[in-house]
Amino acid sequence: MRPLPRLPSRTAACRIEALSVLPVFFDLKGRRAVLIGGSVAASWKAELLAAAGAHVDIYAERPGGEMLNLAPNGGLAGSVRLIPMRWSADAFSGAALIVADAATKAEALEISSAAASAGIPLNVIDQPDFCGFQFGAIVNRSPLVIGISTSGSVPVLAQEIRSRIESILPPNLARWVRIAGRLRRVVSQRIATACERRRFWESFVARAMSSKSHGGAWMTVITAPTPEDLTLREIRALQVADVIHVGDCCPAGILDFARREARRINLAGCELNSQSAGNVVIIRG
């Protein structure tokens with residue numbers, strides 16, 4: 001069989017211009033990360049890695065106050081462990097990535113050589129010549145995460161762009177992204193065609209981008225006899241409700257669609273007020 005002809009490089013150039021770096025998003029949940037150093041900058045990176053779900057082993061002979069304060073408290077989603085000793089190449093075994101705050105160029109080179117031998121991505125703080133990957137500015141609306149990079153040229157510009165993006169995004173956008181994740185299967189099951197599903201998601205996104213944290217409160221009454229009878233509109237209402245009034249005959253399973261933070265009130269003997277703060281759902285059953 002004759003090999004396929006090689007396409008000219010300009011074909012790829014028509015699809016995308018050259019990238020100085022490849023923007024990727026690294027899943028660290030439950031994985032081990034190694035951090036070297038006990039400085040303020042190192043403590044911030046440790047907190048960032050733990051917030052992404054990593055189990056962070058910190059090698060620091062002389063950890064600073066922020067690092068000492070961080071270690072006992074653990075991370076937001078992962079964990080941190082302070083090991084008060086100098087790093088060694090053996091410490092890199094099983095790590096998904098390494099971050100180091102090297103005191104000197106010589107130490108950065110030593111860490112870089114050991115990381116390369118182990119085949120593990122490395123970032124040396126403020127020393128881009130030794131970095132296999134970089135941390136950009138982050139807009140955190142997790143599970144929506146936006147990364148911004150200037151390839152290390154103008155970090156202040158990345159921070160300014162982040163501030164501008166923050167200013168235009170709805171403050172409760174994270175909630176809408178979580179709702180979308182829960183709705184995806186339901187939408188696929190209940191909306192038959194790709195065209196109709198696209199229209200649904202376009203409408204969903206339009207509402208999400210125009211939403212506000214306060215004001216414009218609404219009230220929804222649900223009378224579905226079973227969870228299977230809920231409409232998509234009712235499911236969305238349950239997912240974003242601030243207050244849920246529950247009747248004595250509330251069908252089992254309907255509250256599974258409600259967000260955990262919503263305040264739940266027994267409907268019996270309760271006076272309803274359409275002007276109540278926040279979004280309200282009433283389940284009569």
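The exercises below work through a predicted model of one protein chain, with a solution after each task.

Residues are numbered from 1 along each chain as its sequence is written. Local features need pLDDT of at least 70 and side-chain atom pairs count only at pLDDT 80 or more, while totals for chains, interfaces and linings use all residues, and side-chain values use heavy atoms, with hydrogens and water left out.

**Exercise 1. Overall make-up**

Task: state how many helices and strands the protein chain has, and what percentage of its residues count as buried.

Solution. 
- Step 1. Helices (H or I, at least four residues) and strands (E, at least two) are taken as DSSP runs, numbered from the N terminus. The protein chain has eight helices and eleven strands.
- Step 2. Relative accessible area under 20% means buried, over 50% exposed, and in between partly exposed (1.4 Å probe, protein chains only). Of the 285 residues, 36% count as buried.
- Step 3. The accessible surface comes to about 17,600 Å², and carbon and sulfur atoms hold 54% of that surface. Accessible areas come from the Shrake-Rupley method with a 1.4 Å probe; for residues, only the protein chains shown count as cover.
- Step 4. A contact is a pair with heavy atoms within 4.5 Å. Among contacts between residues at least 6 apart in sequence, 59% join residues at least 24 apart.

**Exercise 2. The largest pocket**

Solution. 
- Step 1. H2 gives the largest share, six residues.
- Step 2. By class, the lining has 28 nonpolar, 15 polar and six charged residues. Here Ala, Val, Leu, Ile, Met, Phe, Trp, Tyr, Cys and Pro count as nonpolar, Asp, Glu, Lys and Arg as charged, and the others, Gly among them, as polar.

**Exercise 3. Salt bridges**

Solution. 
- Step 1. The criterion is a side-chain nitrogen of Lys or Arg within 4 Å of a carboxyl oxygen of Asp or Glu.
- Step 2. Arg 32 and Asp 57 form one of them, at 2.7 Å, N to O.
- Step 3. Asp 57 is buried at 7% relative accessible area, whereas Arg 32 is partly exposed at 22%. A network of salt bridges links Arg 32, Asp 57 and Arg 81.
- Step 4. Glu 160 and Arg 164 make another salt bridge, at 3.0 Å, N to O. Both lie in helix H5, four residues apart, about one turn of the helix. Glu 160 is partly exposed at 37% and Arg 164 is exposed at 58%.

**Exercise 4. Surroundings of Leu 122**

Task: decide whether Leu 122 is buried or exposed, and list its contacts beyond four places in sequence.

Solution. 
- Step 1. Leu 122 lies in strand E5 and is buried, with a relative accessible area of 5%.
- Step 2. Leaving aside neighbours within four places in sequence, Leu 122 is in contact with Ile 98, Ala 100, Ile 111, Ser 112, Ala 115, Phe 130, Cys 131, Gly 132 and Phe 133.
- Step 3. Leu 122 and Ala 100 are 22 residues apart in sequence and 7.7 Å apart in space, C-alpha to C-alpha.

**Exercise 5. Backbone geometry**

Task: state which residues a cis peptide bond joins, and where Asp 126 lies.

Solution. 
- Step 1. Most residues other than glycine have a negative phi, and most peptide bonds are trans.
- Step 2. A cis peptide bond joins Ser 142 and Pro 143, with omega about 15°. Pro 143 is in the loop between E6 and E7.
- Step 3. Asp 126 has a positive phi, near 65°. Asp 126 lies in the loop between E5 and E6 and is exposed at 75% relative accessibility.
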